[in-house]
Amino acid sequence: MNRAGLIAAVEAAYDLGSDDAQWLDLLCQAVARDFQPSLGVMAYFHEAAPSLTQVQSTQHVTRHAPGGASALIRELADGASPEVVRDLYVSGPVSGTMADALPPPMTGRARSIFHHHVGARDTFCVMARVPTGRSVCINLLSRDPLPDSSPQLLERYDRLAAHIAAGLRLRQGVASQEAVLEPDGRCLDASQEAVPLRERLREAVRERERALRSRSDDEAALELWQGLVSGRWSLVDSYEASGRRYVVARENTPRHPDPRSLTPRERQVAALLASASSNKLIAYTLGLSVSTVGDLVASIQRKLGSEGRADLVTLLRALRVSPDEHEA
């Protein structure tokens with residue numbers, strides 16, 4: 001795998017000027033350059049039914065994938081059992097191989113199906129989940145079984161998934177423009193809510209610019225360019241007709257409905273929990289410490305009376321989320 005280039009996929013995640021098929025294709029191109037799958041890559045949207053027992057896939061896009069790959073993925077997704085919907089599409093790993101996502105008996109069966117139909121013995125999958133609306137799955141197809149995924153590899157692609165999910169929330173919602181900044185961080189305009197945090201926005205824009213220049217070191221770049229600024233804003237490029245570039249801070253707070261007097265921060269964490277994000281990934285997205293996220297998860301669990309994390313994720317998905325609501 002090429003360690004340079006994953007930040008290009010993060011950049012593609014925030015391309016709001018393309019239609020859905022073009023956006024998926026941009027993601028496929030960027031992720032394939034980084035991972036270099038031996039049998040190509042494909043991406044598609046999927047959405048779980050409110051009952052969480054069925055999932056529907058749409059808008060399949062492939063890059064250098066074998067013939068029949070789209071049809072196979074569509075058949076497997078649309079015909080998935082309630083257990084597979086729950087354990088893979090709703091609450092499975094954010095990224096990983098077949099062995100990372102499926103128990104051993106199912107791993108062998110999945111490899112056999114993929115090999116028979118498209119010549120692939122494994123896939124590395126990236127799941128960017130948005131509990132309300134469509135989520136995104138990227139499948140990187142491999143001729144041979146892939147080696148065990150290292151924690152570093154999974155962390156890199158989990159972080160990519162956080163950015164793709166943020167980009168997808170922007171595409172699916174009506175995100176207000178709350179600040180306009182120069183690429184050097186100078187703030188040109190800001191809403192009343194953004195004014196007190198202009199310095200943090202300026203710092204975040206500068207970090208993002210450094211990340212875009214750090215294509216030879218994705219780990220450092222992903223550390224700089226985190227999921228949301230102050231748990232609230234996504235940074236998106238905007239261009240004038242003259243080609244001059246600005247950076248726009250758009251409202252993109254994940255927010256869960258308040259079923260049991262959750263605090264605003266707990267509602268943010270609850271929305272990301274409903275996407276099956278780990279505490280570490282939630283911390284990355286919201287700019288919090290892992291220990292703080294752990295305390296918030298424990299508080300949410302107490303308030304909702306859930307018996308474990310899997311039960312909590314299912315409960316939060318059943319309660320639904322409103323990712324485009326404004327966070328006061």
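**Exercise 1. Which residue pairs with Arg 200 in a salt bridge, and are the two partners buried or partly exposed?**

Solution. Start with Arg 200: in this predicted model, its relative accessible area is 28%. Buried would need under 20% and exposed over 50%, so Arg 200 lands in the partly exposed class. Next, look for the partner: the side chain of Arg 200 meets that of Glu 207, with N to O at 3.7 Å. Finally, check Glu 207: with 13% relative accessibility, Glu 207 counts as buried.

**Exercise 2. Find the salt-bridge partner of Glu 182 and say where each residue sits.**

Solution. Glu 182 pairs with Arg 244, at 2.8 Å from N to O. Now place them: Glu 182 is in the loop between strands S6 (177–181) and S7 (187–190), while Arg 244 is in the loop between S8 (233–239) and S9 (245–251). The pair thus links distant parts of the chain, 62 residues apart. Then the accessibilities: Glu 182 is buried at 8%, whereas Arg 244 is partly exposed at 42%.

**Exercise 3. What parts of the chain does the salt bridge between Asp 20 and Arg 134 tie together?**

Solution. First the distance: the closest N and O atoms of Asp 20 and Arg 134 are 2.8 Å apart. Asp 20 belongs to helix H2 and Arg 134 to the loop between strands S4 (122–128) and S5 (135–142), so the bridge ties together parts 114 residues apart in sequence. Both partners are partly exposed, Asp 20 at 22% and Arg 134 at 23%. If you run the same rule over the model, the count comes to 23 salt bridges.

**Exercise 4. Are helices H1 and H2 roughly parallel or roughly antiparallel, and which residues make the contact?**

Solution. Take the geometry first: H1 (residues 6–13) and H2 (residues 20–35) pack at about 170°, with axes 8 Å apart. Angles over 145 degrees count as roughly antiparallel, so that is the label for this pair. On the H1 side, the contact uses Leu 6, Ala 8, Ala 9, Ala 12 and Ala 13. H2 brings Trp 23, Leu 26, Leu 27, Ala 30, Val 31, Arg 33 and Asp 34. Sorted by type, the contact residues are 10 nonpolar, no polar and two charged.

**Exercise 5. Where on helix H4 do its buried residues fall?**

Solution. List them: Val 84, Val 85, Leu 88, Tyr 89 and Val 90 are the buried residues of H4 (residues 82–90). Looking down the axis of H4, they fall within an arc of 155°, so they line one face of the helix. The background is simple: an α-helix has 3.6 residues a turn, so residues three or four places apart point the same way.

Conventions: Residues numbered from 1 in each chain as written. Predicted model: local features only at pLDDT ≥ 70, side-chain atom pairs only at ≥ 80, totals over all residues. Heavy atoms only, no water. Axes fitted to C-alpha atoms, helices over the stretch in contact; angles between N-to-C directions. Helix = DSSP H or I, 4+ residues; strand = E, 2+ residues; numbered from the N terminus. Parallel < 35°, antiparallel > 145°, perpendicular 65-115°, else oblique. Contact = heavy atoms within 4.5 Å. Nonpolar A, V, L, I, M, F, W, Y, C, P; charged D, E, K, R; others polar. Buried < 20%, exposed > 50% of the residue type's maximum accessible area, 1.4 Å probe, protein only. Arc of directions from axis to C-beta. Salt bridge = Lys/Arg side-chain N within 4 Å of Asp/Glu carboxyl O.
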